[in-house]
Amino acid sequence: MRPPTLTHLLLTLLTITTPHTTATTNNPSTLPTPPMGFNNWSRFMCDLNETLFVTTAAAMQTTGLQAAGYTRLNLDDCWMETARLANNTLTWNTTKFPQGIPWLATHLRSLNFSLGIYQDAGNATCGGYPGSYGHEALDAATFAAWGIDYLKLDGCNVFPAANRTLEQEYRARYATWHKILTTQAATQARKPLIFSESAPAYFAGTGNNTEWYRVMDWVPRYGELARHSTDILVYAGAGSAWDSIMNNYDYNVLLARYQRPGYFNDPDFLIPDHPGLTLTEKKSHFALWAVMGAPLIVSAFIPGLEGEVLEVLRNERLIQVDQDVLGLQATLAVRAVGEGVDVLTRSLGNGDRVVAVLNRGNGTVDFGVTVERLGLQADCEYEAEELWDGGVVRVEGSLSVQGLQAHATGVWRVRVPAGCGVVPTGIVLNTASGRCLTAREGERVGSETCEALDAQVWQITAQGALRPLSSTALCLTAASGEVSLQACKGGAEQKWEYAISGNLRNAKTGECLTEGDALVGACLVEADSQVFGLPSGVALV
């Protein structure tokens, strides 16, 4: 009997979600794949106007970006007047937009683009313009009447009511917007506006991730994508653009469990004309966002983009990965902290396996990745298409990466032959400490710095067992408040259930894996010590 492929399993698992009866992930038709387009903020900040958007649209057509899939143009902060009208309706800055936002939406629609807009859940936007608080239904109706189909809702100037925590206040406000958008759309027999939520960004980067995790748990219920962390460096900002990209990448790899068709994690804009980036770094930025299935929203002066940058943004092979039907996010198969190398993997709808190797260090590296670390069977032969140039190589036992330059990312699409199964495989990463679950000598298990060891790469079986590549006959086993490696027998003590919260719960003891040396303990709510990232494709309960 031919074994089921991971693709078949994933198509089944994608129908299993946490019980969000009104979740956008239960209705993925609003946004089945990540959005692609343009936003003015990182490049121009408040220096936006009608001419910028008209000329950007024209350039997106002549450069082939529209044909490649970039069809959304989104206004960011500072588009409006400094006060509402007498009837409390928002209006646009007539100097910046002399013909008006409705005219701009109609003009862009005539060119087969769509227009998105920015607003804030607080009393004022980050730039000091009128916020939506207390006017949510009016603003939503206004945007729809103007021809807007995409709303980025920021979270500046939000203050909790006396009976709420700050996290509860954000949740209430974004839930209100979700209800209004869906109700108005149903009444008018149209799709709701695509809802981009910025709430998680206001809880990131603290000493304790609990509140951030709690916000991340509810944003997929209310919107189609969420800005979860720091703004990417603006064109005129101080600091390293590459460090900014890596910062947002590091946040994004912690959140793969949330992503599926209908909801996408958003690590912020592509900045391909930033003067602080080399071409190699621009290519890495694009490749990493694509393999993670992130939104591809460009913030750049489109008419001035150089030909080699446009070639990167139009890369059909990588765009196909980003827009894949499964909607998965690539996860870490291997992390070698000492070498500065990350290996990410992800399955695609046709059964192929994507592999990305990032060299975040400052020197050239050679790196080999065995097929077992990619979740593939050792006794099969594979072909890998290099997604930068389209070249095809045979993979027999290992994918060899030679001479990968500093800050470069190599990307391959591995063809999986019929009859060759795929097992979710990768590191088990504590998302607060960044340490890897490690099989030690004998039966011992602990948390250690991630250094590309087979003892840190785990296969997750269809039965929920975890076994290290260093000894696949042994399974992670819970007993008496500890975990150890024991011969795989298939009992409940070796079955682990993965929750959307990141908890890894043992089916027999009911306890959760806990950061430290061979520990399980009572399951806590979003505790740093119990939130883990697992390989892409693991079922959620």
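A residue counts as buried when its relative accessible area is under 20%. In this predicted model, H407 has a relative accessibility of 12% and therefore counts as buried. H407 sits in the loop that runs between β15 (398-404) and β16 (409-415). Its backbone has a positive phi, near 70 degrees, although the residue is not glycine.

## Two further buried loop residues

E526 is another non-glycine residue with a positive phi, here near 55 degrees. The loop that holds E526 lies between β28 (519-521) and β29 (532-533). With a relative accessible area of 4%, E526 is buried.

T30 is also a loop residue, placed between α1 (6-13) and β1 (36-39). The relative accessible area of T30 is 9%, so T30 is buried. Leaving aside residues up to four places away in sequence, T30 touches K191, P192, I194 and E224.

## R346 in strand β10

R346 belongs to strand β10, which covers residues 341-347. R346 is buried, and its relative accessible area is 0%. The side chain of R346 reaches the backbone oxygen of A290 at 3.2 Å.

A distance across the chain can be given from R346 to T106. These two residues are 240 residues apart along the chain, and their C-alpha atoms are separated by 39 Å.

Helix α6 spans residues 136-146, and its buried residues are E136, D139, A140, T142, F143, A144 and W146. In an α-helix there are 3.6 residues a turn, so residues three or four places apart point the same way.

Several elements cover the buried residues of α6. Among them are the helices α5 (101-110) and α7 (166-187), together with the strands β3 (114-120) and β4 (148-154). Just after α6 comes G147, which takes a positive phi of about 95 degrees.

## Domains and the contact between domain 1 and domain 3

The protein chain is divided into domain 1 (31-323), domain 2 (331-415) and domain 3 (428-533). The centres of domain 1 and domain 3, taken over C-alpha atoms, are separated by 37 Å. In the contact between these two domains, 11 residues of domain 1 meet 14 residues of domain 3.

The size of an interface is often given as the accessible area lost when the parts come together. Between domain 1 and domain 3, the buried area is about 980 Å², and carbon and sulfur atoms give 51% of this area. On the domain 1 side, the residues that lose the most area to domain 3 are Y213, L254 and R257, which together make up 53% of what that side buries.

## Polar features of the interface

How many salt bridges does the rule find across the interface of domain 1 and domain 3? The number is 0. Polar contacts between domain 1 and domain 3 amount to 4 residue pairs, with both residues at pLDDT 80 or more. Sorted by class, the side of domain 1 that touches domain 3 consists of 3 nonpolar, 4 polar and 4 charged residues.

Key:
Residues numbered from 1 in each chain as written. Heavy atoms only, no water. Buried < 20%, exposed > 50% of the residue type's maximum accessible area, 1.4 Å probe, protein only. Helix = DSSP H or I, 4+ residues; strand = E, 2+ residues; numbered from the N terminus. Contact = heavy atoms within 4.5 Å. Domains from an automatic or database assignment. Buried area = accessible area lost by both parts, 1.4 Å probe. Salt bridge = Lys/Arg side-chain N within 4 Å of Asp/Glu carboxyl O. Polar contact = N/O pair within 3.5 Å; in protein donor to acceptor, adjacent residues only side chain to side chain. Nonpolar A, V, L, I, M, F, W, Y, C, P; charged D, E, K, R; others polar.
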